[in-house]
Amino acid sequence: MTTRRELEHCRAELTALPSGWDSWEALMRLAMEEAAKAEELGEVPVGAVLVTPDGEILARGHNRTITDNDPTAHAEILALRDAAATVRNYRVENAVLVVTLEPCMMCTGAMVHARVRGIVYGTTDPKTGVLASQMEALELPFQNHAIWHMGGVLAQECAAQLSAFFRKRREEHKLRKSDTAPC
């Protein structure tokens, strides 16, 4: 478990790029590939990867809430579940979660319980993001595990992926509505 004091004193070590990766952008591109899989399913395109300090991709996930009829099937949760099964422990200490969209409260809470080391996200979520947008959930005094976070990695590309999905969805809705309108 990382304490706030350790986070303050060891930030450079804790936030180091995993071995074998030349940038957070390269890892974010993997998360964006996962987001594209969600979009193919008709899900909101959010993707996540969980990476160890030695650079191993421990798990991947993409939104499946509609597909699985599961309100908790967010990309981050699915990646954490897969990683926990892989390491045979509910804690995935020292791993960093890379996700295309700023996490919500549920996902952030799960990451605290899983003891991830850090969170790297692409674009902010002005409606439900809790790392910077709506609140700073990781700064709440009762959190028993400190997690560093960094946003804005490929932010424009991640935002464009989401915007294109919602634009297409609105257009489809408009077409369906016009098809059923009385003459």
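Biologist: If buried means under 20% relative accessible area, with exposed over 50% and partly exposed in between (1.4 Å probe, protein chains only), which residues of helix α5 are buried?

Modeller: In this predicted model, where local features need pLDDT of at least 70, side-chain atom pairs count only at pLDDT 80 or more, and totals for chains, interfaces and linings use all residues, helix α5 runs over residues 105-114, and its buried residues are C107, T108, M111, V112 and A114. Helices (H or I, at least four residues) and strands (E, at least two) are DSSP runs, numbered from the N terminus.

Biologist: Nice. Where do those buried residues sit around the helix?

Modeller: They line one face of α5, because they fall within an arc of 170° when you look down its axis. That arc is taken from the directions from the helix axis to the C-beta atoms.

Biologist: What happens just after α5?

Modeller: R115 comes there, and this residue takes a positive phi of about 65°.

Biologist: Changing topic: which residues does the UniProt "binding site" annotation cover?

Modeller: The record, an unreviewed entry, lists H74, C104 and C107. UniProt positions follow the numbering used here, feature names are shortened, and annotations may be inferred rather than shown by experiment.

Biologist: Let's take C104. Where is C104, and what does C104 touch?

Modeller: You'll find C104 in the loop between β3 and α5. Its relative accessibility is 15%, so C104 counts as buried. Not counting residues up to four places away in sequence, C104 touches H74, T128 and V130.

Biologist: How about C107: what is its relative accessible area?

Modeller: That value is 0% for C107, so this cysteine is buried. C107 belongs to helix α5. Leaving aside neighbours within four places in sequence, C107 is in contact with H74, E76 and I77.

Biologist: Last one: how are residues numbered, and which atoms are used for side-chain values?

Modeller: Numbering starts from 1 along each chain as its sequence is written, while side-chain values use heavy atoms, with hydrogens and water left out.

Notes: Contact = heavy atoms within 4.5 Å.
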